[in-house]
Amino acid sequence: MRNPPVIIVAHAALPDDLCYALIDAHCNAEEDLIEIDDHGVQTYALIEGNNDHSDCMEWIEEFIPWDEDFGKICNVRILKYGMECFRPWMCDDPEGGDTGKVIFNLNESFVGGNLSVDGHKFVPFTGSMVAFNNPTERWHGIEPVLTGERFSLVLRFTRPDDFVEPEDDMAQQELQQLLNDDVIASNDDAEERVFPKVILKN
């Protein structure tokens with residue numbers, strides 16, 4: 001069951017220096033790592049294990065909202081919208097199982113390129129964040145960039161219980177076998193991990 005729709009907005013969630021470092025990561029990425037879609041948007045996917053992914057996660061971890069809908073990052077991308085580039089209104093693919101999406105705007109030296117979620121328009125500023133849940137059921141998109149270039153960091157989330165790293169399948173099976181064999185003793189007093197709630201301040 002989906003949770004009620006929520007939009008979280010923070011005006012200056014990500015510091016400027018981190019925004020510029022993420023823009024540099026996109027600009028310095030090898031050409032064969034950049035994908036260009038039908039609308040001209042250039043996507044640099046940060047794959048777990050490469051240096052840019054590690055740096056990005058280290059930089060932004062404390063600025064991400066963590067709760068049930070933002071439990072596990074399953075996709076990280078840096079997007080570049082040149083002039084006349086846009087993302088049409090869409091809902092994410094329901095087969096992807098996404099439960100949340102977080103968008104950090106990385107610059108503001110452009111005109112246009114506003115984000116819309118459920119008909120709400122968000123004017124992007126450097127470091128601003130818009131996070132929303134249920135992206136497979138909620139219409140969102142980016143208006144055309146009229147002048148300049150728009151950069152953003154986009155993170156897609158799923159619930160931790162719904163996500164297993166492909167390379168960790170064997171480790172997960174071994175751990176489950178240990179648990180089933182009672183090799184690992186349960187501790188009723190142990191606290192379960194609780195994801196911290198985001199606190200937004202101007």
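These legends describe close-up views of a predicted model.

**View 1. The largest nonpolar core.** This core holds 32 residues. Those touching the most other members are L14, I60, F104, L106, L153 and L155. Both helices and strands contribute: α1 (16-27) and α2 (51-60) each supply at least two residues, as do β1 (7-10), β4 (72-81), β6 (100-105), β10 (129-133) and β13 (150-158). The top contributor is α1, with 5 residues.

**View 2. Surroundings of L106.** Neighbours within four places in sequence are left aside here.

**View 3. A second, separate core.** This core has 14 residues. Among them are C85, F110, V117 and F132.

**View 4. Strand β1 and its two faces.** I8 and A10 make up the covered face of β1. I7 and V9 lie on the uncovered face. In a regular strand, side chains alternate between the two faces of the sheet.

**View 5. Pairing of β1 with β10.** The two strands run antiparallel. They are joined by 4 bridges. A10 has M129 in β10 as its bridge partner.

**View 6. Two cysteines, C56 and C91.** C56 has 0% relative accessibility, so this cysteine counts as buried, the cut-off being under 20%. C91 has 23% relative accessibility and therefore counts as partly exposed. The model contains 0 disulfides, taking sulfur atoms within 2.5 Å as the criterion.

Technical notes: Residues are numbered from 1 along each chain as its sequence is written. This is a predicted model: local features need pLDDT of at least 70, side-chain atom pairs count only at pLDDT 80 or more; totals for chains, interfaces and linings use all residues. Side-chain values use heavy atoms; hydrogens and water are left out. A nonpolar core is a set of buried Ala, Val, Leu, Ile, Met, Phe, Trp, Tyr and Cys residues joined through side-chain atoms within 4.5 Å. Buried means under 20% relative accessible area, exposed over 50%, partly exposed in between (1.4 Å probe, protein chains only). Contact means heavy atoms within 4.5 Å. Two strands pair if DSSP finds at least two bridges between them.
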